[in-house]
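Please look through the structure below before reading the numbered points.

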Amino acid sequence: MSTGSKDQRRYEVAKRRATALELRISGLSYRAIADRMHCSDSTAYELVQSALREIPAQNVEILRTEHDAMLRMLFSKLKLRIDKGEPRAIEVGVKLLERLAKLYGLDAPTRQVMQVITEEAVDRAIRELEQELGISDRDLLCGELEAGEDDESS
């Protein structure tokens with residue numbers, strides 16, 4: 001591959017990244033970007049993310065400030081309708097607030113705790129219950145036999 005074609009390829013990739021980022025900044029979803037750019041949703045996401053990585057941090061902060069201003073302006077325009085209790089306005093207002101929270105990383109990640117219960121843990125719990133109730137294995141066995149004898153006599 002010649003240097004010229006490598007440069008051309010880099011230019012095309014950079015152009016696609018810039019286009020994807022512009023579309024995202026204008027408010028399009030990744031799915032809408034993918035539709036416009038004839039690629040998958042994940043490719044649209046990667047194009048935007050790689051474009052953002054290439055922007056110096058100072059420029060990212062400028063973009064964040066602009067995005068913040070746009071979201072707040074939209075929310076202020078909805079405020080009267082939200083205060084009147086219009087369901088659609090409330091729904092859109094909540095989405096704008098969620099976007100602001102995401103923009104600033106305010107949503108804490110959810111923590112999920114998974115507990116694994118082993119057979120040994122179940123056996124230990126049964127023994128503890130038997131001790132609390134004062135029941136022995138022999139009592140349980142005799143109880144089962146007596147119950148079996150009652151069934152046969154009926």
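1. A pocket here is an open set of points on a 1 Å grid over the protein atoms alone, where a 1.4 Å probe fits and protein lies on both sides within 12 Å along at least five of seven lines; lining residues have an atom within 4 Å of a point. The model is predicted, so local features need pLDDT of at least 70 and side-chain atom pairs pLDDT 80 or more, while totals for chains, interfaces and linings use all residues. Residues are numbered from 1 along each chain as its sequence is written, and side-chain values use heavy atoms, without hydrogens and water.

2. The second largest pocket holds about 230 Å³ of space, a volume being the space filled by probe spheres set on grid points, which are joined across faces, edges and corners. Its lining consists of R24, S26, G27, L28, S29, Y30, H67, M70, L71, L74, R99 and K102. Two or more of these residues come from each of α4 and α5, and α4 gives the most, with four. Helices are DSSP runs (H or I, at least four residues), numbered from the N terminus. By type, the lining has five nonpolar, four polar and three charged residues. Ala, Val, Leu, Ile, Met, Phe, Trp, Tyr, Cys and Pro count as nonpolar, Asp, Glu, Lys and Arg as charged, and the others, Gly among them, as polar.

3. The largest pocket has a volume of about 430 Å³. Of its 15 lining residues, Q49, L52, H67, R99 and L103 are the closest to the centre. The elements giving two or more residues to this lining are α1 (3-25), α3, α4 (57-83) and α5 (87-103). The lining divides into nine nonpolar, two polar and four charged residues.

4. One aromatic pair is found in a search of the whole structure. The ring centres of Y30 and Y45 are 5.1 Å apart and the planes stand at 70°, so the pair is edge-to-face. Rings of Phe, Tyr and Trp (its six-membered ring) pair if their centres lie within 6.5 Å; planes under 30 degrees apart are stacked, over 60 edge-to-face, and the rest tilted. Y30 belongs to α2 (residues 30-37) and Y45 to α3 (residues 41-54), so the pair ties together parts 15 residues apart in sequence.

5. The charged end of R24 sits over the ring of Y30, 4.1 Å from its centre. This requires NZ of Lys or CZ of Arg within 6 Å of the ring centre and within 35 degrees of the ring normal.

6. H38 lies in the loop between α2 and α3. Its phi is near 55°, a positive value in a residue other than glycine. H38 is exposed, with a relative accessible area of 74%, whereas Y45 is partly exposed at 38%. Buried means under 20%, exposed over 50%, and partly exposed in between (1.4 Å probe, protein chains only).
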